[in-house]
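Let's look at how two parts of this protein pack against each other. Here is the model.

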Amino acid sequence: MYPAEFAYERPSSLDGVFTALQQNPGDAKLLAGGQSLLPMMKLRLATPAMLVDLAGAAELRGQWRTDSGVRIGALTSYRELQRSPRTLSLLPGLADTLEVIADQQVRARGTVGGALAHGDPTADLPALMLALDAEVRIRSRGGERVVALGDFITGIFSTDLADDDVLTAVDVPLPPPSTGAAYEKFEQPASHLALCGVAAALAIEGGTIQHARVAMTGVSATPRRLTTVEDALLGAAADPSSLDEIAALAPHGVEPLNDLHAPAEYRSHLLEIATRRALHRAAARAGMRWTE
Ligand SMILES: Cc1cc2nc3c(=O)[nH]c(=O)nc-3n(C[C@H](O)[C@H](O)[C@H](O)COP(=O)(O)OP(=O)(O)OC[C@H]3O[C@@H](n4cnc5c(N)ncnc54)[C@H](O)[C@@H]3O)c2cc1C
């Protein structure tokens, strides 16, 4: 399959990107790693008249330690993150998540900005970023705004981005000290995308859970936090049977997707299992001790 004809520009700065967008209102699409956009264009699911390649905008590359956490530039590839021991050590669960995204080729090209901007309900990174309370930084000619990731994702392949917006970076605050995190995924075997993925981040003190974030992807129209599970975890005993009981709450209030890849009941079932595994692994990493 070949894409429809399109024009191509590769500005050498973010300002140049805004100029290109302004000159082609509504007709242009931003190109990052191309790992989602190009397949969509080949299938004619997207037919932009122009591609504005972000690759020349050096401002979008890099990883920085901020006062509250880590800022990751939108053009940072999955592989660059995998090769960044400092970022991996600061953000629990990140190494787990990157490892199960696609394959080496896709990880070499796919970017953090593209992964979040695409709004794919089955993408892995959004689940972990929700569990780490990430915010996205968005720039347009008019200025900059910062949006919590949970508000940024608005529907299936739908986000808070306007046509002339560029997602420039993701800000990830450091979780409480000694937080343990994990990502568990059941994948669609052909695409590797998540049929169900769950990220959990837990901090435990004196045998009880003091901080809990649990988020899922692949199951419903948008990746989102499982607040019923989080509420039950806070103050609960950090032992295996409590975690199992709480994991059983995961499907409550979730409307699972029902498509050719998996029926809704199956996704619900996977959600409970992935939640249980993620909670156990996160708790073990947070220092939970038990004897069985
Ligand atoms: C074979 C294969 C297997 C895959 N398996 C997985 C998997 O297991 N798990 C998973 O999570 N993903 C998977 N993916 C998807 C892959 O991770 C996505 O391509 C990637 O996350 C998107 O990033 P990108 O840089 O390639 O974005 P692009 O494809 O370049 O862009 C995607 C969309 O985001 C927009 N965009 C990109 N960057 C910005 C920005 N900075 N600001 C505003 N808009 C922007 C583009 O205009 C476009 O609409 C797979 C892809 C392939 C091809």
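## Who touches whom

Between domain 1 and domain 2, 17 residues of domain 1 are in contact with 17 residues of domain 2, where contact means heavy atoms within 4.5 Å. The C-alpha centres of these two domains sit 19 Å apart. Domain 1 covers 7-56, domain 2 covers 59-173 and domain 3 covers 185-285, with bounds from an automatic or database domain assignment.

Keep in mind that this is a predicted model: local features need pLDDT of at least 70, side-chain atom pairs count only at pLDDT 80 or more, and totals for chains, interfaces and linings use all residues. Residues are numbered from 1 along each chain as its sequence is written, and side-chain values use heavy atoms, with hydrogens and water left out.

## Buried area

About 1,500 Å² gets buried between domain 1 and domain 2, and 63% of that is on carbon and sulfur atoms. Buried area here is the accessible area (1.4 Å probe) that two parts lose on being put together, summed over both. On the domain 1 side, Leu14, Phe18 and Gln35 supply 39% of the area buried against domain 2, more than any other three residues.

## The salt bridge and the helix

The rule (a side-chain nitrogen of Lys or Arg within 4 Å of a carboxyl oxygen of Asp or Glu) finds one salt bridge across this interface. Arginine 141 pairs with aspartate 15 in a salt bridge, with the closest N and O atoms 3.7 Å apart.

Helix 1 (residues 14-23) gives the most to the side of domain 1 that touches domain 2, with seven residues; helices are DSSP runs (H or I, at least four residues).

Notes
Helices (H or I, at least four residues) and strands (E, at least two) are DSSP runs, numbered from the N terminus.
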